[in-house]
Amino acid sequence: MSNTPVSGLPIGRGLLYLIVAGVAWGTAGAAASLVYRTSDMGPIALSFWRCAVGFVLLLGVRLLRPRPRPLPRRTVSEPLARKALRAGATGVGLAVFQTAYFAAVQATGLAVGTVVTLGAGPVLIALGARLTLGERLGRGGVAAVAGALTGLAVLALGGGGATVRPWGVLLALVSAAGYCALTLVTRKWGRDGGADASATSVWAFAVTSLCLLPLALAEGILPHTADPLRLGWLLVYIAAVPTALAYALYFAGAAAVRSATVSVIMLLEPVSAAVLAVVLLGEHLTAPTLAGTLLMLGSVAGLAVAETRGARREPLSA
């Protein structure tokens, strides 16, 4: 049995795309912290510029790449209405995910906002995938998700001093719901076939930018800085690597891999951020950081192996 799903991307390559995307996402926090030190830019304005510049980069790549040979008319294209619906759904899901997360962090702090958003995400996705897509985790998958969530809690809360505020927790749950919808929609259309991951990435960022624009204008869209060159390079990096590249890989990989597996692999984001904090920002490697990182890496590795084996045993169109 081939381990290539209906989306056309082999399972192994989809897993690799998701791992690279998760690690790239983890660099965004360190880059954002440098943006905040360099300017007075707020989190929503940063999210807007991240998505808007990412849209321009992805659109440029799409326009410059060689065009594929046209398919026979009977198998050609997906209806325009479905393309618009997919772009709108993923764009709104991405906007809710990012904006509610930033608001949760502001309301209840980075540790609690992160652990609730990224912790609730895999649970909601596993439940949603079971109800809407018929995907089962199995005992090994449940154990891996539990291990990953434990590792996330240890990593995020191990330092102590976290303050839990109900409004912030509610916003974090809204963010997790947006992430859940984004992942399930991507998987659904990828499993049905005909979805173009490149087009999805481009137009999802267009929709997200439009959603974030009024909020960014209200916050202050143009920052003040004494070092515009440094700020410009930081914004280009955030838009290019943890945004355009990472989300293009995410949309392609999420269409090929089971939804719950996607959600756990993307927990590499806080692992990557923790490693960068130690290596580049001079933070100390604490026992909770090390324990949480090892738990999450072990869970990701276990799910990746299970996903690859399951792809060889089971019909992927089921």
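Accessible areas are computed here by the Shrake-Rupley method with a 1.4 Å probe, and for residues only the protein chains shown count as cover. By this method the protein chain exposes about 15,300 Å², of which carbon and sulfur atoms supply 69%. The structure is a predicted model, in which local features need pLDDT of at least 70 and side-chain atom pairs count only at pLDDT 80 or more, while totals for chains, interfaces and linings use all residues. Residues are numbered from 1 along each chain as its sequence is written, and side-chain values use heavy atoms, with hydrogens and water left out.

The protein chain has 11 helices and zero strands (DSSP runs of H or I with at least four residues, and of E with at least two, numbered from the N terminus). Of contacts (heavy atoms within 4.5 Å) between residues at least 6 apart in sequence, 91% join residues at least 24 apart.

Of the 318 residues in the protein chain, 46% are buried (under 20% relative accessible area, with a 1.4 Å probe and protein chains only). Cys51, at 0% relative accessibility, is counted as buried, as is Cys180 at 11%. The structure holds zero disulfides (pairs of cysteine sulfur atoms within 2.5 Å).

Methods: Buried means under 20% relative accessible area, exposed over 50%, partly exposed in between (1.4 Å probe, protein chains only).
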